[in-house]
Amino acid sequence: AGTSHTSMDTGGYGQDRVLSPNSRFLYKLFRRYYASYGPIMPERFSRKEYGFIPFEGTMHRHLAFPTQNDLRLYLSGRVPAHSYYSTAYYRYPSAPKMEDKGWMGAELIFDLDADHLANADKMTYDEMLVQIRSEMISLVDDFLMGDLGFSEDQVHISFSGGRGYHAHVRTDDIYTLGTNERRELVDFMTCTGLSLEWAFPTVVKGIGGVAFGDGVKSTAITYHAIPSPEEGGWKRRMRNALKDIVQDITEMDPKDVRKKYPSVKSQNDSITKLADHLKKTGEHMFASNSMADLKSWEQEILMKCLDDCRPYYAREVDKPVTPDIKRLIRLPGSLHGKTGLRVHPITRDQLTDYNPLMYAVPDVYTDDPVKVTMKKDMDLRMLDFDSHLSGETEVPEYAAAFLVGRKYADYGWTSEPREHLF
């Protein structure tokens, strides 16, 4: 399993007395947490590489731990701000060069983070996490346990401790998948390269012939087929998308249709005519899995709408993470240096209404009042605390950890001399 690297040297990251007041405050809380912490050990933990970032320092990696106690001693002695482990399994996880580690396989990881959210910088922390939670539920239910068929005991979900969620898939089927195969899974989830012609193929169907001079001129109709209800994956998803489009066109004002589906440039009267036609033929269209009842210009509008709606049905994941077969990811049970919250393993049922500010707060944090100076006014609801915060104020210790970690506040009151924690 490689060499064990452990230490009880609390000065291992260079003396804590040189830390800023904010980092010193968080260091004190983290030290209390890790003093009583029994680490959650990853599967095949002795084959994993570990890495740690100290408060106000750079990463220490290429570490391995043969036992849970070795890891516990390291965490309680070094008190890192951020803790990571490799998604990969190695023969020699502590080898200092990647090519010498002896790659044996890797978990399949999906990372959803608020980074990709539109207007994330205008959202509160609560709002970001609610939206990301909704996306993780869809990722797990629709894709991982839906299309890909993984079982609930193979999909391990964690709150990241920061602004998102991780899904770890662990099953013998996926450990040896390479980068290219994992990238294909990302493409599948993000709807990259989806051909509408593949989902709605063009059908040319002869409908007889007409005598013409010395011969017969055949006639045919051209239309798009619709995926049947028995189809899975993206064909089923796009069939459902078409149902939503038909509902929008028949219920919305034409100008709102153009706003939602910007590729549609048709005039109001054309959209209104299509809406009237769909009210009469829509049910038969889906029963026959065919757009044959629609004129070509009507089909063209629907296809443009389908092209526009693909992003609504795709799932955003951190694209570099999943294909990376040597990735370091946050250690479940560890603390996140930018929030003070736990990296918290949860079940699919717990995910449904999971609130990190209720459930990821370490038990060792107290409700003793701590002085902080807010950098901006904000509302905070966390455990039993619910208040509007501004300027110099006092908050429970658990709230102070979050506010200081997120850089919403500074530790202490700026109008008073700095308090020494050590």
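Two strands are taken to pair if DSSP finds at least two bridges between them. Strands (E, at least two residues) and helices (H or I, at least four residues) are DSSP runs, numbered from the N terminus. The structure is a predicted model, in which local features need pLDDT of at least 70 and side-chain atom pairs count only at pLDDT 80 or more, while totals for chains, interfaces and linings use all residues. Residues are numbered from 1 along each chain as its sequence is written, and side-chain values use heavy atoms, with hydrogens and water left out.

An open sheet of four strands has the order β6-β8-β7-β12, and its pairing is antiparallel. At the edges are β6 (108–113) and β12 (344–346), each of which pairs on one side only. Neighbouring strands of this sheet are turned by 25 degrees against each other on average, direction ignored. For such angles, axes are lines fitted to C-alpha atoms, for helices over the stretch in contact, and angles run from 0 to 180 degrees between N-to-C directions. Strands of a sheet pair through backbone hydrogen bonds, either parallel or antiparallel.

Strand β7 (residues 155–159) is joined to β12 by three bridges, and the two run antiparallel. In β12, Ile346 is the bridge partner of Ile157, and His344 is that of Phe159. Helix α3 (residues 125–147) packs on the sheet, where it touches β6, β7 and β8 (164–169); the direction of α3 makes about 20 degrees with that of β8. Contact here means heavy atoms within 4.5 Å.

Five bridges link β7 to β8, again antiparallel, and Phe159 stands opposite Tyr165 in β8. These two strands form a hairpin with four residues between them, and Gly161 in the turn has a positive phi of about 90 degrees. Of the five residues of β7, four are buried, so that the strand is mostly covered. Buried means under 20% relative accessible area, exposed means over 50%, and partly exposed lies in between (1.4 Å probe, protein chains only).

A second open sheet also has four strands, in the order β2-β1-β3-β11, with antiparallel pairing. Its edge strands are β2 (60–63) and β11 (328–330), each pairing on one side only. The twist from one strand to the next averages 25 degrees. Strand β1 (residues 50–53) and strand β3 (residues 82–86) run antiparallel and are joined by four bridges; Tyr50 stands opposite Tyr85 in β3.

Helix α2 lies across β1, β2 and β3 and runs at about 10 degrees to β1. Ser76 is found in this helix, which covers residues 68–78. With a relative accessibility of 17%, Ser76 counts as buried. The C-alpha atoms of Ser76 and Arg31 are separated by 6.3 Å, although the two residues are 45 apart along the chain.

Helix α8 (residues 268–288) has 21 residues and reaches 28 Å from its first C-alpha to its last, close to the 30 Å expected at 1.5 Å a residue. The expected span of a helix is 1.5 Å times one less than its number of residues. A kink of about 60 degrees in α8 is centred on Thr281. The bend at a residue is the angle between axes fitted to the seven residues ending there and the seven starting there. Among the buried residues of α8 are Ile271, Leu274, Leu278, Thr281 and Met285. The elements that cover the buried residues of α8 include α6 (233–251), α7 (254–260) and α9 (296–313). Just after α8, Asn289 takes a positive phi of about 55 degrees.

The 18 residues of α9 should span 26 Å at 1.5 Å a residue, and its end C-alpha atoms are 25 Å apart, which agrees. This helix bends by about 30 degrees at Asp307, and a proline, Pro311, follows within four residues. The buried residues of α9 include Leu302, Cys305, Leu306 and Cys309.

A disulfide is counted where a pair of cysteine sulfur atoms lies within 2.5 Å, and by this rule the count comes to zero. The sulfur of Cys191 is 8.4 Å from the closest cysteine sulfur, in Cys309, and is therefore too far for a bond. Cys309 is in no disulfide either, as the nearest cysteine sulfur, that of Cys305, is 7.9 Å away. Cys191 counts as buried at 11% relative accessibility, and Cys309 is buried with a relative accessible area of 2%.
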